[in-house]
Amino acid sequence: MSTPTVEHSLDEAAFHEHFDATIAADRRIEPRDWMPEGYRRTLIRQIAQHAHSEIIGMQPEGDWLLAAPSLRRKAILLAKVQDEAGHGMYLYSAAETLGADRADLTDKLIERKQKYSSIFNYATLTYADVGVIGWLVDGAAICNQVPLCRSSYGPYARAMIRICKEESFHQRQGYELLMTMMRGTPAQRAMVQDAVDRWWWPSLMMFGPPDDDSPNSAQSMAWGIKRHSNDELRQRFVDMTVPQAEFLGVTLPDPELRLDPETGHHRFGAIDWDEFKRVISGDGPANAERIARRRAARDDNAWVTEAATAYATKHAARKHSA
Amino acid sequence: MSTDVTAEGGHGAVPTGPEVPVEATPAASRRDWPLYEVFVRGKRGINHVHVGSLHAADDEMAVHAARDLYTRRNEGVSIWVVQAADITASSPDEKDPMFAPSGDKVYRHPTFYEIPENVPHM
């Protein structure tokens, strides 16, 4: 697919050298540039997983659209869920610049040949979960995504810039929702604490396996696709979140969490990586439901895309004959 | 002239430097909705700028989808959509004939001319 044709005067080694020099100079790779097959494959995998996460990520919060406690909260939640769809579209668009096909990526998601973030396989049990997702899950996403705005692949970096601008709204609306609940009744405060208890550890898992068990990380960092290691980003998230939890008045469910005065970083307890592996490989609380709903969206709405195609074809023919 | 002159997904005619292109994978979406490139004018007084791409059944749907996808927060006052297949782009391996001639014409830049510093308003 990426083999240069013979009429090019440079040979593959020279292309590779040029690619390496571009990366070394921290310049961006653009779609028509020569790139190693591994770079292309890694990007397609990462961008597709990211896109799938945005699309599947509409579901846990979407479940509360018809049960929002006020019109204000409903309007906010609608806008947020719509944003998630938009983020998925920006990312599929970036994946297509690498030669991937959007419909094919969706099929791979539905057939479970490609993954999405483990976090979206947990259920949203109360409206406090909507707030906690905005605060913790979108907060973790921001930690992950801000450095990706400088990713070496131009279209990915540009999509991330657009996404990051919108994530800030997501996080702030969540935190504001939680502040509102914390000013409410004891039962409402208990709901917030319960949601924090359930979402804290899965949020830490969002950064992926620890560095010594993350086989793709080193190469991705060498290629400038990733800019920081999983553990670095996780630490940054914990340090950011602890004072926010204090302000809110909730307890993060980790007895080992404490500030290390020597490093200035918070130390935290062991993450249950068995749970992570179980959930990412299909055995989480809501995996089957998420995929079933995505499949239904594709299949049940196929008639709409077919009708639009038929309409467009008819009108094009009419225009042509006029 | 390269045989491949179409823009690729999400990228329009962005100049891409001296690199040699890979062969484009045909974007044959099973659903046969063509790929559109989207350009948005952020506000009056500035150019339309490429923002991304999308699939739509026809031009009209492409404009509506572009509005929903790329201007949810007043990012634009005007949208252009164009089918990616209709864009003719310069190819990276044409770098020499296309862009090199401007490289040695330094006299086209104002900095080429030495003017004493005490000449006002220059």
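I take a salt bridge to be a side-chain nitrogen of Lys or Arg within 4 Å of a carboxyl oxygen of Asp or Glu. The model is predicted, so I note its limits: local features need pLDDT of at least 70, side-chain atom pairs count only at pLDDT 80 or more, and totals for chains, interfaces and linings use all residues. Residues are numbered from 1 along each chain as its sequence is written, chains are lettered from A and ligands numbered from 1 in the order in which they are written, and side-chain values use heavy atoms, with hydrogens and water left out.

**Entry 1: salt bridges in chain A**

I started with D107(A) and R298(A). Their side chains meet in a salt bridge, at 2.7 Å from N to O. This pair links distant parts of the chain. D107(A) lies in helix α5 (residues 102-110) and R298(A) in helix α12 (residues 287-300), 191 residues apart. Helices here are DSSP runs of H or I with at least four residues, strands are runs of E with at least two, and both are numbered from the N terminus.

Next I checked burial. Buried means under 20% relative accessible area, exposed means over 50%, and partly exposed is in between (1.4 Å probe, protein chains only). D107(A) is buried at 10%. R298(A) is also buried, at 18%.

R298(A) has a salt bridge to D299(A) as well, at 2.8 Å from N to O. D299(A) is partly exposed, with a relative accessible area of 38%. I also looked up a network: salt bridges with shared partners join E61(A), K80(A), E84(A) and D138(A).

Then I turned to E37(A) and R40(A). Their salt bridge has an N to O distance of 3.9 Å. Both residues sit in helix α2 (residues 37-56) of chain A. They are 3 residues apart, so about one helical turn separates them. E37(A) is partly exposed at 26%, whereas R40(A) is buried at 5%.

How many salt bridges are there over all chains? I noted a count of 28.

**Entry 2: D239(A)**

D239(A) is in helix α10 (residues 230-248) of chain A. It is buried yet has no salt bridge. For charge, Lys and Arg count as positive and Asp and Glu as negative, while His and the chain ends are not counted. Which side chain of opposite charge is nearest to D239(A)? It is R236(A), 7.9 Å away.

The side chain of D239(A) does reach the backbone nitrogen of H266(A), at 2.8 Å. I then listed contacts, meaning heavy atoms within 4.5 Å. Leaving aside neighbours within four places in sequence, D239(A) is in contact with H265(A) and H266(A).

**Entry 3: chain B**

Chain B has 2 helices and 3 strands. From the N terminus on, the elements run β-β-α-β-α. Of its 122 residues, 31% count as buried. Among contacts between residues at least 6 apart in sequence, 60% join residues at least 24 apart.

The 3 strands form an open antiparallel sheet in the order β2-β1-β3. Strands pair if DSSP finds at least two bridges between them. β2 (48-55) and β3 (78-83) stand at the edges with a single partner strand each, so one side of each has no neighbour in the sheet. Neighbouring strands are turned by 25° against each other on average, direction ignored. The angles use axes fitted as lines to C-alpha atoms.

Finally I followed one pairing. β1 (residues 35-41) of chain B and β3(B) pair in the antiparallel sense over 6 bridges. The bridge partner of F39(B) in β3(B) is W80(B).

Definitions and conventions
Axes are lines fitted to C-alpha atoms, for helices over the stretch in contact, and angles run from 0 to 180 degrees between N-to-C directions. A polar contact is a pair of N or O atoms within 3.5 Å; within protein, one must be able to donate a hydrogen and the other to accept it, and residues adjacent in sequence count only if both atoms are side-chain atoms.
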